[in-house]
Amino acid sequence: MAPPGDPLASSLFKPVQPPTAFEQTVERLASAIKLGFLPPGSQLPPERELAKQLEISRTTLRQALTALTQSGLVTTSRGRTGGTFVADPLPLPERPRRVFDADELHGFLDHRLAIETGAVIRAAERATEADLAPLEELTVEMDGATEFEDYRLADVRFHLGLAEAAHSPRLVDAMAEVQAQLDEAIELVPHPAEVLKRSNDQHRTLIARLRKRDVTGAVKCIREHVEGTEYFLAGMLPGPPEGTPAQKR
(Lines give C-alpha, C1' and ligand atoms only; values in the text may rest on other atoms or scores of the structure.)
Protein backbone atom coordinates (compact mmCIF):
# COMPACT_ATOMS: atom_id res chain seq x y z
CA MET A 1 0.00 0.00 0.00
CA ALA A 2 2.82 2.39 0.89
CA PRO A 3 6.58 2.39 0.46
CA PRO A 4 8.16 0.34 3.27
CA GLY A 5 10.10 2.39 5.79
CA ASP A 6 8.53 5.69 4.71
CA PRO A 7 7.67 7.56 7.94
CA LEU A 8 4.94 9.68 6.31
CA ALA A 9 3.28 6.61 4.86
CA SER A 10 3.51 4.89 8.23
CA SER A 11 1.77 7.84 9.92
CA LEU A 12 -1.01 7.83 7.33
CA PHE A 13 -1.84 4.20 7.95
CA LYS A 14 -1.31 3.96 11.71
CA PRO A 15 -4.34 3.12 13.89
CA VAL A 16 -6.96 5.86 14.27
CA GLN A 17 -8.53 6.80 17.59
CA PRO A 18 -12.15 7.16 18.69
CA PRO A 19 -14.40 9.11 18.90
CA THR A 20 -13.45 10.60 15.49
CA ALA A 21 -12.42 7.32 13.84
CA PHE A 22 -14.70 7.93 10.84
CA GLU A 23 -13.36 11.42 10.12
CA GLN A 24 -9.76 10.38 10.73
CA THR A 25 -10.15 7.46 8.30
CA VAL A 26 -11.51 9.80 5.61
CA GLU A 27 -8.60 12.17 6.24
CA ARG A 28 -5.95 9.43 6.16
CA LEU A 29 -7.17 7.83 2.94
CA ALA A 30 -7.83 11.17 1.19
CA SER A 31 -4.34 12.37 2.17
CA ALA A 32 -2.77 9.12 0.96
CA ILE A 33 -4.49 9.63 -2.39
CA LYS A 34 -3.52 13.32 -2.67
CA LEU A 35 0.11 12.57 -1.76
CA GLY A 36 0.40 9.73 -4.25
CA PHE A 37 0.78 6.82 -1.81
CA LEU A 38 -2.43 5.49 -3.37
CA PRO A 39 -1.99 6.45 -7.05
CA PRO A 40 -4.84 6.78 -9.57
CA GLY A 41 -6.16 3.39 -10.64
CA SER A 42 -4.56 1.51 -7.73
CA GLN A 43 -6.65 -0.89 -5.68
CA LEU A 44 -7.07 -0.36 -1.98
CA PRO A 45 -6.28 -3.32 0.29
CA PRO A 46 -9.17 -5.65 1.15
CA GLU A 47 -11.55 -4.26 3.76
CA ARG A 48 -10.55 -6.81 6.38
CA GLU A 49 -6.85 -5.96 6.02
CA LEU A 50 -7.34 -2.18 5.95
CA ALA A 51 -9.73 -2.21 8.91
CA LYS A 52 -7.22 -4.28 10.89
CA GLN A 53 -4.36 -1.91 10.05
CA LEU A 54 -6.34 1.17 11.09
CA GLU A 55 -7.86 -0.69 14.08
CA ILE A 56 -11.42 0.23 13.16
CA SER A 57 -14.58 -1.76 12.48
CA ARG A 58 -15.41 -2.70 8.92
CA THR A 59 -18.62 -0.67 9.34
CA THR A 60 -16.61 2.49 10.06
CA LEU A 61 -14.32 1.74 7.12
CA ARG A 62 -17.28 1.27 4.78
CA GLN A 63 -18.77 4.60 5.91
CA ALA A 64 -15.44 6.32 5.18
CA LEU A 65 -15.18 4.64 1.77
CA THR A 66 -18.75 5.78 1.01
CA ALA A 67 -17.74 9.38 1.79
CA LEU A 68 -14.68 9.05 -0.46
CA THR A 69 -16.84 7.58 -3.24
CA GLN A 70 -19.30 10.46 -2.92
CA SER A 71 -16.32 12.83 -3.14
CA GLY A 72 -15.17 11.21 -6.40
CA LEU A 73 -11.83 9.99 -5.00
CA VAL A 74 -12.55 6.25 -5.20
CA THR A 75 -14.78 3.91 -7.15
CA THR A 76 -16.04 0.45 -6.34
CA SER A 77 -16.81 -2.57 -8.48
CA ARG A 78 -18.22 -6.00 -7.73
CA GLY A 79 -17.30 -9.46 -8.87
CA ARG A 80 -14.19 -11.61 -8.68
CA THR A 81 -11.96 -8.76 -9.81
CA GLY A 82 -13.92 -6.14 -7.88
CA GLY A 83 -12.85 -3.95 -5.02
CA THR A 84 -12.24 -0.31 -4.21
CA PHE A 85 -10.00 1.63 -6.57
CA VAL A 86 -8.57 5.14 -6.59
CA ALA A 87 -10.34 7.16 -9.29
CA ASP A 88 -8.43 7.44 -12.54
CA PRO A 89 -8.26 10.24 -13.38
CA LEU A 90 -8.77 11.96 -10.05
CA PRO A 91 -11.36 14.76 -10.07
CA LEU A 92 -9.78 18.12 -10.79
CA PRO A 93 -10.61 20.61 -8.05
CA GLU A 94 -11.78 24.03 -9.08
CA ARG A 95 -9.05 26.62 -8.75
CA PRO A 96 -9.46 27.74 -5.13
CA ARG A 97 -9.85 31.40 -4.33
CA ARG A 98 -7.37 30.84 -1.53
CA VAL A 99 -5.18 28.13 -0.04
CA PHE A 100 -5.06 27.37 3.67
CA ASP A 101 -1.65 26.43 5.01
CA ALA A 102 -1.47 24.02 7.93
CA ASP A 103 -0.71 26.66 10.56
CA GLU A 104 -3.59 28.87 9.46
CA LEU A 105 -6.08 25.99 9.35
CA HIS A 106 -5.14 24.61 12.76
CA GLY A 107 -5.08 28.09 14.31
CA PHE A 108 -8.56 28.83 13.02
CA LEU A 109 -9.94 25.46 14.13
CA ASP A 110 -8.45 25.93 17.61
CA HIS A 111 -10.25 29.27 17.79
CA ARG A 112 -13.49 27.67 16.59
CA LEU A 113 -13.21 24.92 19.22
CA ALA A 114 -12.80 27.54 21.96
CA ILE A 115 -15.85 29.54 20.83
CA GLU A 116 -18.09 26.50 20.25
CA THR A 117 -17.08 24.94 23.58
CA GLY A 118 -17.73 28.15 25.49
CA ALA A 119 -21.14 28.53 23.87
CA VAL A 120 -22.06 24.92 24.67
CA ILE A 121 -21.01 25.22 28.33
CA ARG A 122 -23.20 28.27 28.82
CA ALA A 123 -26.06 26.78 26.79
CA ALA A 124 -26.02 23.64 28.94
CA GLU A 125 -26.33 25.87 32.00
CA ARG A 126 -28.83 28.42 30.67
CA ALA A 127 -30.81 27.12 27.70
CA THR A 128 -34.59 26.92 27.96
CA GLU A 129 -36.90 24.70 25.96
CA ALA A 130 -37.73 27.76 23.85
CA ASP A 131 -34.03 27.89 22.90
CA LEU A 132 -33.75 24.19 22.08
CA ALA A 133 -36.92 23.68 20.04
CA PRO A 134 -35.67 25.80 17.09
CA LEU A 135 -32.43 23.79 17.09
CA GLU A 136 -34.42 20.57 16.68
CA GLU A 137 -36.36 22.14 13.79
CA LEU A 138 -33.06 22.97 12.10
CA THR A 139 -31.89 19.35 12.31
CA VAL A 140 -35.07 18.37 10.47
CA GLU A 141 -34.30 21.00 7.81
CA MET A 142 -30.80 19.55 7.40
CA ASP A 143 -32.22 16.04 7.06
CA GLY A 144 -34.50 17.20 4.26
CA ALA A 145 -32.00 19.39 2.42
CA THR A 146 -31.37 18.25 -1.16
CA GLU A 147 -28.77 20.92 -1.93
CA PHE A 148 -25.68 21.57 0.14
CA GLU A 149 -26.38 25.31 0.22
CA ASP A 150 -29.67 24.62 2.03
CA TYR A 151 -27.97 22.24 4.45
CA ARG A 152 -25.21 24.75 5.20
CA LEU A 153 -27.65 27.58 5.79
CA ALA A 154 -29.49 25.50 8.40
CA ASP A 155 -26.13 24.40 9.85
CA VAL A 156 -24.99 28.01 10.32
CA ARG A 157 -28.30 28.90 11.94
CA PHE A 158 -27.91 25.89 14.25
CA HIS A 159 -24.51 27.02 15.51
CA LEU A 160 -25.70 30.60 15.90
CA GLY A 161 -28.64 29.16 17.81
CA LEU A 162 -26.23 27.46 20.19
CA ALA A 163 -24.66 30.81 20.96
CA GLU A 164 -28.09 32.39 21.38
CA ALA A 165 -29.02 29.58 23.79
CA ALA A 166 -26.02 30.63 25.89
CA HIS A 167 -27.73 34.03 26.35
CA SER A 168 -24.48 35.84 25.62
CA PRO A 169 -24.56 38.48 22.85
CA ARG A 170 -20.76 38.53 22.61
CA LEU A 171 -20.72 34.78 21.98
CA VAL A 172 -23.28 35.25 19.22
CA ASP A 173 -20.99 37.79 17.54
CA ALA A 174 -17.97 35.50 17.92
CA MET A 175 -19.90 32.51 16.55
CA ALA A 176 -21.01 34.51 13.51
CA GLU A 177 -17.40 35.40 12.78
CA VAL A 178 -16.27 31.79 13.19
CA GLN A 179 -18.97 30.45 10.87
CA ALA A 180 -18.10 33.04 8.21
CA GLN A 181 -14.45 31.95 8.34
CA LEU A 182 -15.46 28.29 8.24
CA ASP A 183 -17.41 28.94 5.04
CA GLU A 184 -14.17 29.94 3.30
CA ALA A 185 -12.79 26.44 3.88
CA ILE A 186 -16.01 24.47 3.44
CA GLU A 187 -16.65 25.90 -0.03
CA LEU A 188 -13.35 24.36 -1.21
CA VAL A 189 -14.17 20.73 -0.36
CA PRO A 190 -16.74 18.15 -1.48
CA HIS A 191 -19.79 17.53 0.68
CA PRO A 192 -20.44 13.76 0.91
CA ALA A 193 -23.89 12.83 2.17
CA GLU A 194 -22.36 10.35 4.62
CA VAL A 195 -20.39 13.15 6.30
CA LEU A 196 -23.41 15.48 6.44
CA LYS A 197 -25.59 12.77 7.99
CA ARG A 198 -23.01 12.04 10.67
CA SER A 199 -22.67 15.74 11.43
CA ASN A 200 -26.42 16.16 11.85
CA ASP A 201 -26.60 13.08 14.09
CA GLN A 202 -24.08 14.85 16.31
CA HIS A 203 -26.32 17.93 16.34
CA ARG A 204 -29.17 15.81 17.73
CA THR A 205 -26.94 14.22 20.36
CA LEU A 206 -25.80 17.67 21.42
CA ILE A 207 -29.38 18.90 21.85
CA ALA A 208 -30.12 15.90 24.07
CA ARG A 209 -27.10 16.71 26.26
CA LEU A 210 -28.13 20.35 26.53
CA ARG A 211 -31.67 19.39 27.49
CA LYS A 212 -30.28 17.25 30.34
CA ARG A 213 -27.95 20.10 31.41
CA ASP A 214 -25.10 17.63 30.93
CA VAL A 215 -22.19 20.06 30.59
CA THR A 216 -19.52 17.35 30.40
CA GLY A 217 -21.43 15.33 27.81
CA ALA A 218 -22.23 18.42 25.74
CA VAL A 219 -18.58 19.51 25.71
CA LYS A 220 -17.49 16.01 24.67
CA CYS A 221 -20.05 16.07 21.86
CA ILE A 222 -19.10 19.49 20.47
CA ARG A 223 -15.41 18.61 20.64
CA GLU A 224 -16.03 15.45 18.61
CA HIS A 225 -18.11 17.51 16.16
CA VAL A 226 -15.49 20.25 15.67
CA GLU A 227 -12.53 17.88 15.53
CA GLY A 228 -14.39 15.75 12.99
CA THR A 229 -14.61 18.81 10.74
CA GLU A 230 -10.88 19.42 11.28
CA TYR A 231 -9.94 15.91 10.16
CA PHE A 232 -12.23 16.12 7.12
CA LEU A 233 -10.87 19.50 6.02
CA ALA A 234 -7.27 18.33 6.52
CA GLY A 235 -7.90 15.43 4.17
CA MET A 236 -10.00 17.20 1.56
CA LEU A 237 -8.72 20.79 1.24
CA PRO A 238 -6.71 21.37 -1.95
CA GLY A 239 -2.99 21.84 -1.42
CA PRO A 240 -0.87 24.74 -2.62
CA PRO A 241 -0.13 25.00 -6.36
CA GLU A 242 2.82 23.01 -7.64
CA GLY A 243 6.09 24.72 -6.93
CA THR A 244 4.77 26.47 -3.83
CA PRO A 245 6.81 25.59 -0.75
CA ALA A 246 4.83 23.70 1.90
CA GLN A 247 4.30 25.40 5.23
CA LYS A 248 5.59 23.67 8.33
CA ARG A 249 3.20 22.92 11.16
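Biologist: What span should the 18 residues of helix H8 (residues 169-186) have at 1.5 Å a residue, and how far apart are its end C-alpha atoms?

Modeller: The model is a predicted one. At 1.5 Å a residue, the 18 residues of helix H8 should span 26 Å, and its end C-alpha atoms lie 25 Å apart, so the two values agree. The buried residues of H8 are Leu171, Ala174, Met175, Val178, Gln179, Leu182, Ala185 and Ile186. Because these residues cover an arc of only 140 degrees around the axis, they are on the same side of H8. The face turned away from that buried side carries Pro169, Arg170 and Asp173, which are exposed. Among the elements covering the buried residues of H8 are helix H5 (102-126), helix H7 (148-165) and helix H10 (215-236).

H7 leads on to another packing partner. H7 packs with helix H9 (residues 193-211) at an angle of about 20 degrees, and the two axes are 12 Å apart. An angle under 35 degrees counts as roughly parallel, so H7 is roughly parallel to H9. The crossing in which H7 passes H9 is left-handed. On the H7 side, the contact is made by Phe148, Tyr151, Asp155, Phe158, His159 and Leu162. H9 contributes Leu196, Ser199, Asn200, His203, Leu206, Ile207 and Leu210.

Leu206 of H9 can be taken on its own. Its relative accessible area is 2%, and since buried means under 20%, Leu206 is buried. Leaving aside neighbours within four places in sequence, Leu206 is in contact with Val120, Phe158, Leu162, Ala218, Cys221 and Ile222. Phe158 and Leu162 belong to the H7 side of the helix contact described above. Leu206 and Val219 are 13 residues apart in sequence, and their C-alpha atoms are 8.6 Å apart in space.

What covers the buried residues of H6 includes H5, H7 and H9. Those buried residues are Asp131, Leu132, Leu135, Leu138, Thr139 and Met142. They are on the same side of H6 because they cover an arc of only 110 degrees around the axis. On the other side of H6, the exposed residues are Ala130, Glu137, Val140 and Gly144. At 1.5 Å a residue its 16 residues should span 22 Å, and the end C-alpha atoms are 23 Å apart, which agrees.

Two other helices, H3 and H4, remain to be described. Helix H3 (residues 47-54) and H4 pack at an angle of about 105 degrees, with their axes 9 Å apart. Therefore H3 is roughly perpendicular to H4. In this pair, Glu47, Arg48, Leu50 and Ala51 of H3 meet Arg58, Leu61, Arg62 and Leu65 of H4.

Gln63 is also found in H4, which runs over residues 58-70. With a relative accessible area of 28%, Gln63 is partly exposed. Not counting residues up to four places away in sequence, Gln63 touches Phe22 and Glu194. The C-alpha atoms of Gln63 and Thr25 are separated by 9.4 Å, although these residues are 38 apart along the chain.

How values were computed: Residues are numbered from 1 along each chain as its sequence is written. This is a predicted model: local features need pLDDT of at least 70, side-chain atom pairs count only at pLDDT 80 or more; totals for chains, interfaces and linings use all residues. Side-chain values use heavy atoms; hydrogens and water are left out. Helices (H or I, at least four residues) and strands (E, at least two) are DSSP runs, numbered from the N terminus. The expected span of a helix is 1.5 Å times one less than its number of residues. Buried means under 20% relative accessible area, exposed over 50%, partly exposed in between (1.4 Å probe, protein chains only). The arc is that of the directions from the helix axis to the C-beta atoms. Contact means heavy atoms within 4.5 Å. Axes are lines fitted to C-alpha atoms, for helices over the stretch in contact, and angles run from 0 to 180 degrees between N-to-C directions. Angles under 35 degrees count as roughly parallel, over 145 as roughly antiparallel, 65 to 115 as roughly perpendicular and the rest as oblique. A crossing is left-handed if the near helix is turned anticlockwise from the far one by less than a right angle, and right-handed if clockwise.
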